[in-house]
2 protein chains.
Amino acid sequence: MTKPFDRVALIGIGLIGSSLAHAMRKHKLAGEITGYARSEATRAKAMEISLVDIVFPTAAETVKDADLVILCSPVGTYGELAREIGPRLSPGAILTDVGSVKGAVVRDVLPHVPRDVNFIPGHPIAGTEQSGPESGFAELFINRWCILTPLPDSDTGAVERLADFWRACGSNVEVMTPEHHDLVLAITSHLPHLIAYNIVSTAADLEEVTSSEVIKYSAGGFRDFTRIAASDPTMWRDVFLNNKDAVLEMLGRFSEDLSALQRAIRWGDGDMLFDVFARSRQIRRGIIEAGQDTASPDFGRGAPKSQ
Amino acid sequence: MTKPFDRVALIGIGLIGSSLAHAMRKHKLAGEITGYARSEATRAKAMEISLVDIVFPTAAETVKDADLVILCSPVGTYGELAREIGPRLSPGAILTDVGSVKGAVVRDVLPHVPRDVNFIPGHPIAGTEQSGPESGFAELFINRWCILTPLPDSDTGAVERLADFWRACGSNVEVMTPEHHDLVLAITSHLPHLIAYNIVSTAADLEEVTSSEVIKYSAGGFRDFTRIAASDPTMWRDVFLNNKDAVLEMLGRFSEDLSALQRAIRWGDGDMLFDVFARSRQIRRGIIEAGQDTASPDFGRGAPKSQ
């Protein structure tokens, strides 16, 4: 039985790359999987756990003869990688990525892509707070959205082929422009991470409250922010450096709204506080109905629970 | 076998009150449990599910002959309730509460407490985003901290008796001043909730990104904030109105730190971003080691997972 792709090259084998390797194996999507990792330790680990069929120490070797190449490293590395692999890409191949920003990826990668290669940027909205080649699992993409941001001259057949690949991994696929993607993700992902990192940092700097107290009493809400703030720092640095305009726009609105809440607290405006607090329940309900989270209560995972 | 308390009165039977009822039954801590709820629907539900032995439509009736009275309603109701129950409290009884602020509770409740009643404010750092008499479960307090903030003249025997009660429910007990409690909780609980409510509100007001997009792509981080922002609005309004100084202090620091991150993004200072992002992993590690959360990755609870 022929598989959808003969040879898939994973440029980067962290959480997303390694999850894709597992998903491709499970769903028989690739004849062969090659992998590139910058660090020797990661390459050794990938071979040890048989994550891919073969690992290479350079991206150029990894993409040889591949009909699907997926950039899975932090987006700050894409420009240099594209320059390296551009001349080695096979005619007719699909080049895509999994980066959390899309405008900057088009800016950095497109100039290096030969005209006979189909460059279709992509972004699976899926992840955990873990990273590295051992953190992946095949089910990561199930019932999650994958956004593709094809360019105006992208080949529709290639876009459909890539969409089928993601659907085979369990994802729902949506198509939009890179600009709209960056705006949507600025509010649904980038700003939440920035805020989580920030509050953890604020807490760490306090003099009146010790770090051990912050840790001890974290079950009151702080705990959940530290989980998000445990994500890979390099990946997130690159996200903020490469989605500056949209993040600053959303951050401006957030700060404005926070000032209004601050004012309501200072002046004891309970009605205003109640109204803001009450309406967020609606959005929560929408998320549960859309299957993006469950309604079961969370009180610190791993603790015993029964009625 | 005699039980630690003959008659325990729960003034309020939402998430915490109903969880206490289950825990007391499970661990045989009370001869009899009485309950008060303001709304008739809640009282009917409590009787229907046999949550307590008897429910009353007034707090005054509920506390009659109780040797332990626990205020479990939003802290904004405490003053009025204390005025009502004060004259009905039994000599030698312990009066405590589960409110998320402590300074304001002392301010509102103490004036109404007879001198022969032991008033010992308390706060179990435990909860879920759910509310109501059906949301409780006996295990909510296991391995969570309960903070007691006795007054300078509190009877040490009574404090120890109350601490034993919480330990029997599975909690660890810590003693501190009301002022320090309010500062610690401002950063570990109140500010996280305020920020979560705020970002959900910001997202709901966007014009360029629709609510359905926010919901659809919430798995990128936003999802976790909506869970926290699904908590009871009345309870949280009262928290912010009653811990104003500490919350405004923490909010000021948070905003200052956020401005610094904003500036780093605007000027492309990747090193600063990386340093802030990297150090929050340490606090996360501390929380996991302290058993306040697990290290297992979260990618939207309820989704299938296997390696």
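In chain A, residues 24 or more positions apart account for 75% of the contacts with a separation of 6 or more. Two residues are in contact if their C-beta atoms, placed from the backbone, lie within 7 Å. This is a predicted model, in which local features need pLDDT of at least 70, side-chain atom pairs count only at pLDDT 80 or more, and totals for chains, interfaces and linings use all residues. Residues are numbered from 1 along each chain as its sequence is written, while chains are lettered from A and ligands numbered from 1 in the order in which they are written.

Start with chain A as a whole. It holds 12 helices and 9 strands. These are DSSP runs, numbered from the N terminus: helices are H or I with at least four residues, strands E with at least two. The C-alpha trace of chain A spans about 65 × 45 × 40 Å along its principal axes. Of the 307 residues in chain A, 58% are buried. Buried means that 20 or more other C-beta atoms, placed from the backbone, lie within 10 Å of the residue's own.

Now turn to chain B and its strand E1, residues 5-11. Here 6 of the 7 residues are buried. E1(B) runs parallel to strand E2 (residues 30-36) of chain B, and 6 bridges join them. Strands pair if DSSP finds at least two bridges between them. One bridge links Ala9(B) to Thr34(B) in E2(B).

Next comes Leu10(B). Among the residues it touches, not counting those up to four places away in sequence, are Leu20(B), Ile33(B), Val52(B) and Cys72(B). Leu10(B) also belongs to the largest nonpolar core, which has 207 residues. Such a core is a set of buried Ala, Val, Leu, Ile, Met, Phe, Trp, Tyr and Cys residues joined through C-beta atoms within 7 Å. Leu10(A), Val69(A), Leu10(B) and Val69(B) have the most contacts inside it.

Finally, see how the chains meet. 103 residues of chain B are in contact with 103 residues of chain A. H7(B) gives the most to the side of chain B that touches chain A, with 19 residues. That side divides into 53 nonpolar, 29 polar and 21 charged residues. Ala, Val, Leu, Ile, Met, Phe, Trp, Tyr, Cys and Pro count as nonpolar, Asp, Glu, Lys and Arg as charged, and the others, Gly among them, as polar.

A rotation of 180° with 0.0 Å of shift along its axis superposes chain B on chain A (RMSD 0.0 Å). The two copies are therefore related as by a two-fold rotation axis. Superposition is by least squares on the C-alpha atoms of residues with pLDDT of at least 70 in both. The same surface serves both copies: 100% of the contact residues of chain B recur in chain A.

Notes:
A residue is buried if 20 or more other C-beta atoms lie within 10 Å of its own, exposed if 12 or fewer, and partly exposed in between; C-beta atoms are placed from the backbone.
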